[in-house]
Amino acid sequence: MELFWSSSILMGFVRLCVIVLFLFYLSRKFIAVDHRLHLLDFIVLNWYRYAAVLTLTLFVLVELGAYNLFNCFVIFTLLLLIDWLGWKNIIRPRSYFTQKFKEHSLRYLKFVETKKPLRYWLSFRKSAPEQRTQNWILFFTPIFIGITAFLSRYYFVQYDNYSLSDAWINDLTKLIKFDNQYWFTYELATDAELALANFYSKVTDVSPIIALQVIAILESTILALIVFWVIHRMAPSRYIAPLLAALFFALVYVITPINVYYLLKGNPLFLALAFALPAFVFYIQPKQFSGSTLNYLFSFFAVFVSVGLTDLITFFILVPFVFGDWTVYNVLEC
């Protein structure tokens, strides 16, 4: 049984990584206008913009009694089209698609005439040598951090004492109840973490039991990547300090006495911080957010609501304290 759980946890994680890398390829090859986008930015920015919206979507669908994977995909497809095309092009789709059809037709004819090789479709546009070096560093570094953070906690699965405990049974019951369109049952709890675990089980085709086992590992992995990204964006040290901070978060428990129970049980605080930390960066440096003012405000709204649905301590104490303290500091500076 333990071997089955371990292999299923690894397979789900591998499938998730393949999905992320495939979406990154599509973004770099066909969608992204700014070809300076690297893997780290792709992961964190899309997590910030779409994971919070996903949490809101799950909450609304469950409350409406319409939660299933098909409805989630339909809504997300519409949101992606609106975000990609923009409201102006959505209102006037004929002129937009006519122009794009002409551009891509001319581009295809050019490739046919110049006899481009098949490897063209697997390559990206060349950039400056310095930019290319940075892209490679920021491609392999998040992979290294993600694998390290995941495996460091995956190692403790063999010593798992969370599974089959009373808390595990209670969490599994809540996770399964999302399929029955229940978010709030007999207690008022912030269960966005379990809702995302339910969605993860559907996307990666693993059982709810495996999704419950892996959610704590994924939370730590995502937060380790975000810690690296935040320090990379904010601190003078671009690589050394962010890498040390991310590895410190991922591995420091190894040298501290801690119950394995708390390593393998989901921690809503980690997930809430994964939403809040990028929002803090964009609050301090709005120019780093690539999008319209409307998208900027909507992203903040989605993030704050998602934090509230995930962890009330973060929502009522950490977020107001950090954002309020920075606002007061700016006022005093002025």
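This is a predicted model: local features need pLDDT of at least 70, side-chain atom pairs count only at pLDDT 80 or more; totals for chains, interfaces and linings use all residues.
The chain contains 14 helices and zero strands. Read from one end of the sequence to the other, its pattern is α-α-α-α-α-α-α-α-α-α-α-α-α-α. Of the 334 residues in the chain, 41% are buried. Among contacts with a separation of 6 or more, 73% join residues 24 or more positions apart.

Two packed helices are described by the angle between their axes and the distance between the axes.

Helix α2 covers residues 39–64 and helix α12 covers residues 268–284; their axes come within 10 Å and cross at roughly 125°. Angles of 65 to 115 degrees count as roughly perpendicular and those over 145 as roughly antiparallel, and α2 and α12 are therefore oblique to each other. Their crossing is left-handed. On the α2 side the contact is made by Val-44, Leu-45, Trp-47, Tyr-48, Ala-51, Ala-52 and Thr-55, and on the α12 side by Leu-271, Ala-274, Phe-275, Pro-278, Ala-279 and Phe-282. Sorted by class, this contact has twelve nonpolar residues, one polar residue and no charged residues.

The axes of α9 and α12 come within 9 Å and cross at roughly 15°. An angle under 35 degrees counts as roughly parallel, so that description applies to α9 and α12. The crossing of α9 with α12 is left-handed. From α9, the residues in contact are Glu-219, Ser-220, Ile-222, Leu-223, Ile-226, Trp-229, Val-230, Arg-233 and Met-234; from α12, they are Phe-270, Leu-271, Leu-273, Ala-274, Leu-277, Pro-278, Val-281, Phe-282 and Ile-284. By class, the contact of α9 with α12 has 15 nonpolar, one polar and two charged residues. Leu-271, Ala-274, Pro-278 and Phe-282 of α12 take part in the contact with α2 and also in the contact with α9.

Helix α9 also packs against α8. The angle between α8 and α9 is about 120°, with their axes 9 Å apart. These two helices are therefore oblique to each other, and their crossing is right-handed. In α8 the contact is made by Glu-193, Leu-194, Ala-197, Tyr-200 and Ser-201, which meet Pro-208, Ala-211, Leu-212, Val-214, Ile-215, Leu-218 and Glu-219 of α9. This contact of α8 with α9 has nine nonpolar, one polar and two charged residues. Glu-219 of α9 belongs to the contact with α8 and to the contact with α12.

The loop between α8 and α9 contains Asp-205. Its phi is near 60°, a positive value in a residue other than glycine. Asp-205 is exposed, with a relative accessible area of 63%. A positive phi, near 65°, also occurs at Gln-181, again in a residue other than glycine. Gln-181 lies in the loop between α7 (166–177) and α8 (192–203). With a relative accessible area of 23%, Gln-181 is partly exposed.

The last helix considered here is α13, residues 293–310. Its 18 residues reach 26 Å from the first C-alpha to the last, close to the 26 Å expected at 1.5 Å a residue. Buried residues in α13 are Tyr-296, Ser-299, Phe-300, Ala-302, Val-303, Ser-306, Val-307, Gly-308, Leu-309 and Thr-310.

Note on methods. Residues are numbered from 1 along each chain as its sequence is written. Side-chain values use heavy atoms; hydrogens and water are left out. Axes are lines fitted to C-alpha atoms, for helices over the stretch in contact, and angles run from 0 to 180 degrees between N-to-C directions. Helices (H or I, at least four residues) and strands (E, at least two) are DSSP runs, numbered from the N terminus. A crossing is left-handed if the near helix is turned anticlockwise from the far one by less than a right angle, and right-handed if clockwise. Contact means heavy atoms within 4.5 Å. Ala, Val, Leu, Ile, Met, Phe, Trp, Tyr, Cys and Pro count as nonpolar, Asp, Glu, Lys and Arg as charged, and the others, Gly among them, as polar. The expected span of a helix is 1.5 Å times one less than its number of residues. Buried means under 20% relative accessible area, exposed over 50%, partly exposed in between (1.4 Å probe, protein chains only).
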